[in-house]
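Please look over the sequence and the structure shown below before reading on.

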Amino acid sequence: MHPQTTGRWTPAALSADLAASTAMPASLATKTIALWRSASGRLTASDDRCPHRGMRLSHGFVRGEALSCIYHGWRYGQDGQCLRIPAHPDLTPPKTIRVETYPVIEQDGIIWIASGEDAGTPPPLNGLMPLRSLSVSAGIAAIELATEAKADADGLLKPSDDAFCLLLAPQGEAATLIHVLVSADATPPQRIAVSRQAETLRRKAEAASNQGAGS
Ligand code: FES
């Protein structure tokens with residue numbers, strides 16, 4: 001996740017933020033993804049562009065085990081293959097009509113998407129669990145400046161003297177999705193305190209970014 005040590009897995013979203021039969025946008029460092037969960041709970045990550053006229057598939061709707069584009073209703077399966085074109089109900093869509101899909105797994109309450117081959121497994125979080133996610137208008141450098149700590153090769157950053165850990169997912173040059181991790185046995189008051197600390201760090205990182213340390 002660190003710009004110099006980019007991992008093959010991106011922590012794209014929290015499992016709790018994607019209910020069954022819903023779709024959402026997600027980002028890898030260089031592209032936008034349509035991430036959706038079928039009625040039975042299976043995850044799919046695909047390019048976020050419908051091959052028909054380019055509508056974002058993350059705006060689509062999930063029915064059963066397929067995702068339909070919100071524009072003209074072309075339906076896609078979990079392998080990315082177009083299954084149905086409503087305007088031509090008797091047509092079997094050719095194999096060439098498909099969207100690219102990416103490996104996606106859930107681990108430790110986080111949805112991970114792989115952007116390359118031979119991704120291995122995502123890093124273990126060692127007893128930490130996600131509390132919330134924050135979108136930050138700042139790059140990794142500004143976040144490191146704000147926290148006075150360095151992200152490791154897996155994108156994990158431990159602020160000094162804080163009771164939490166950050167898992168960073170770059171969203172381009174000057175934007176980062178931060179997953180705030182806490183100990184599994186953190187109490188509700190501790191979780192609230194951590195959430196506030198994370199908000200403070202976001203403001204500091206964005207201020208640092210605005211002063212030229214954002215990327
Ligand atoms: S743009 Fe997706 S079905 Fe037409």
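Which order do the strands take in the open sheet of four strands? In this predicted model, the order is 2-3-4-9, and the pairing is antiparallel.

**Paired strands**

| Strand pair | Residues | Bridges | Facing residues |
|---|---|---|---|
| Strand 3 and strand 4 | 32–37 and 43–47 | Five | Trp 36 and Thr 44 |
| Strand 10 and strand 11 | 104–107 and 110–114 | Four | Glu 106 and Ile 111 |

Strand 10 and strand 11 make up a hairpin, with two residues between them. Within the turn of this hairpin, Asp 108 has a positive phi of about 55°.

**Domains and the annotated region**

The chain is divided into domain 1 (9–114) and domain 2 (128–213). Between the C-alpha centres of domain 1 and domain 2 there is a distance of 28 Å. To the contact between them, domain 1 contributes 13 residues and domain 2 contributes 13 residues.

An unreviewed UniProt entry places the feature "domain: Rieske" at residues 9–113. Over residues 9–113 the chain is 0% helix and 42% strand. The end C-alpha atoms of that stretch are 5 Å apart.

**The loop between strand 11 and strand 12**

Gly 127 is located in the loop between strand 11 and strand 12. In sequence, Gly 127 is 15 residues apart from Trp 112, and the C-alpha atoms of the two are 17 Å apart in space. Which residues does Gly 127 touch, not counting those up to four places away in sequence? They are Val 182, Ser 183 and Ala 184.

**The second largest pocket**

The second largest pocket holds about 170 Å³ of space. Its lining has 15 residues, and those nearest the centre of the pocket are Ala 12, Pro 25, Ser 135, Gln 171 and Leu 177. Two or more lining residues come from each of strand 1 (9–14), strand 2 (22–27), strand 12 (128–136) and strand 15 (176–183).

How many residues of each class line the second largest pocket? The lining has nine nonpolar, five polar and one charged residues. Both domains take part in this pocket: at least three lining residues are drawn from each of domain 1 and domain 2.

Notes:
Residues numbered from 1 in each chain as written. Predicted model: local features only at pLDDT ≥ 70, side-chain atom pairs only at ≥ 80, totals over all residues. Heavy atoms only, no water. 1 Å grid on protein atoms, 1.4 Å probe; cavity = no way out; pocket = protein on both sides within 12 Å on 5 of 7 lines; lining within 4 Å. Points joined across faces, edges and corners; volume = space filled by probe spheres on them. Nonpolar A, V, L, I, M, F, W, Y, C, P; charged D, E, K, R; others polar. Domains from an automatic or database assignment. Pairing = 2+ DSSP bridges. UniProt positions renumbered as here; feature names shortened; annotations may be inferred. Contact = heavy atoms within 4.5 Å.
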